[in-house]
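Have a look at the picture first, then read on.

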Amino acid sequence: MALATRAAKPPSLIGSVWRSTVGKKAVMAVTGLIMLAYLVAHMLGNLKVFFGAGEFNHYAAWIRTIGEPFLHHEWFLWLARVTLSAAVVLHGVAAYQLSRRDLAARPVKYRGRGRGRASYATRTMRWGGVILGLFIVWHILDLTTLTVNPNAQEGRTYENLVASFDRWYVSAFYIAAMLALGLHIRHGFWSAAQTLGVGSPRRDRLLKALANGLAALLTCGFIVVPVGVLTGVVS
Ligand code: HEM
């Protein structure tokens with residue numbers, strides 16, 4: 001009787017990419033760039049707050065109508081929400097797994113400032129990532145679901161924003177998170193370029209300048225909003 005031998009199922013391409021270290025780094029690079037694109041658009045949109053309540057609330061209402069009538073009301077917004085949520089989760093999980101792998105690969109556990117301790121950039125990225133994760137949870141509860149917002153009126157995005165930033169400690173938290181965001185983008189953009197093979201000795205100076213410029217632009221562009229509220233320019 002012939003023995004029925006079942007051939008081992010070949011691993012899927014997606015599975016192999018996800019399991020490899022370089023694959024996880026590529027996932028981090030691509031999801032990071034997706035979030036970066038969102039942040040540039042979000043920062044520019046936020047600056048409309050300096051044009052007053054009417055313009056800002058009109059802008060917030062317009063976001064919900066993008067793609068109409070081809071798309072139903074808010075469908076584009078939901079598509080963006082799902083894409084961003086997937087990007088955040090994949091980015092976070094890949095970062096966590098890569099850092100576990102990095103630790104496991106060390107032959108001896110070092111303490112203090114030993115040779116095997118994670119570099120300054122790695123530690124900044126880890127802590128920056130955790131702060132940003134907590135910030136995003138607070139930010140959505142504050143300005144999207146309005147759960148922790150003192151004004152909490154749907155459709156009155158401008159008034160909700162001013163009510164939130166009027167509390168100095170909330171503005172201070174936002175500003176601290178934006179500084180963490182700047183550091184995260186500065187190193188993250190540079191790492192993503194290296195992972196995706198864009199870097200070269202000739203291009204590295206330009207890439208570093210681009211990473212610094214983007215980080216500074218986003219940090220300042222976001223921070224001016226709470227500063228505007230605290231100084232009474234936006235009220
Ligand atoms: C001072 C800086 C910021 C201000 C003033 C601000 C303002 C806002 C406002 C007003 C909304 C509600 C929009 C609406 O419902 O129409 C919002 C939503 C959101 N913001 Fe920000 N934002 C800031 C920074 C950030 C940063 C740094 C991130 C990401 C790291 C971020 C991610 C989001 C997300 C994911 C939403 C939810 C979008 C949605 O699902 O409707 N924001 N933000």
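Start with Leu 146, which sits in the loop between α5 and α6. Helices here are DSSP runs of H or I with at least four residues, strands are runs of E with at least two, and both are numbered from the N terminus. Before going further, know that this is a predicted model: local features need pLDDT of at least 70, side-chain atom pairs count only at pLDDT 80 or more, and totals for chains, interfaces and linings use all residues. Residues are numbered from 1 along each chain as its sequence is written.

Most residues other than glycine have a negative phi, and most peptide bonds are trans. Leu 146 has a positive phi, near 65°, and Glu 74 has a positive one too, near 70°. Glu 74 is in the loop between α3 and α4. That loop also holds Pro 69, and the peptide bond from Glu 68 to Pro 69 is cis, with omega near 5°.

| Residue | Other C-beta atoms within 10 Å | Class |
|---|---|---|
| Leu 146 | 18 | partly exposed |
| Glu 74 | 15 | partly exposed |
| Asp 166 | 17 | partly exposed |

Asp 166 belongs to the loop between α6 and α7. Its C-alpha is 8.2 Å from that of Pro 226, although the two are 60 residues apart in sequence.

**The whole chain**

The chain has eight helices and zero strands. Its C-alpha atoms fill a box of roughly 80 × 55 × 40 Å, taken along the principal axes. Of the 235 residues, 18% are buried.

UniProt, in an unreviewed entry, lists "transmembrane region" at residues 26-45, 75-99, 120-141, 168-185 and 206-229. Those positions use the numbering here, the feature names are shortened, and annotations may be inferred rather than shown by experiment. In the model, residues 168-185 are 100% helix, with end C-alpha atoms 25 Å apart. Residues 206-229 are 100% helix as well, and their ends are 35 Å apart.

**Two helices side by side**

Two packed helices are described by the angle between their axes and the distance between the axes. For α2 and α4, the angle is about 145° and the axes are 9 Å apart. (Axes are lines fitted to C-alpha atoms over the stretch in contact, and angles run from 0 to 180 degrees between N-to-C directions.) The contact includes Met 28 and Tyr 38 of α2, and Leu 84 and His 91 of α4. Residues are in contact if their C-beta atoms, placed from the backbone, lie within 7 Å.

**Around the ligand**

Which residues come nearest to the ligand? They are Ala 60, Arg 81, Leu 143, Phe 222 and Val 225, out of 21 around it. To be near, a residue needs its C-beta atom, placed from the backbone, within 6 Å. α5 gives the most to this shell, with five residues. By class, the shell has 15 nonpolar, five polar and one charged residues. Nonpolar covers Ala, Val, Leu, Ile, Met, Phe, Trp, Tyr, Cys and Pro; charged covers Asp, Glu, Lys and Arg; the others, Gly among them, are polar.

Notes
A residue is buried if 20 or more other C-beta atoms lie within 10 Å of its own, exposed if 12 or fewer, and partly exposed in between; C-beta atoms are placed from the backbone. Two residues are in contact if their C-beta atoms, placed from the backbone, lie within 7 Å.
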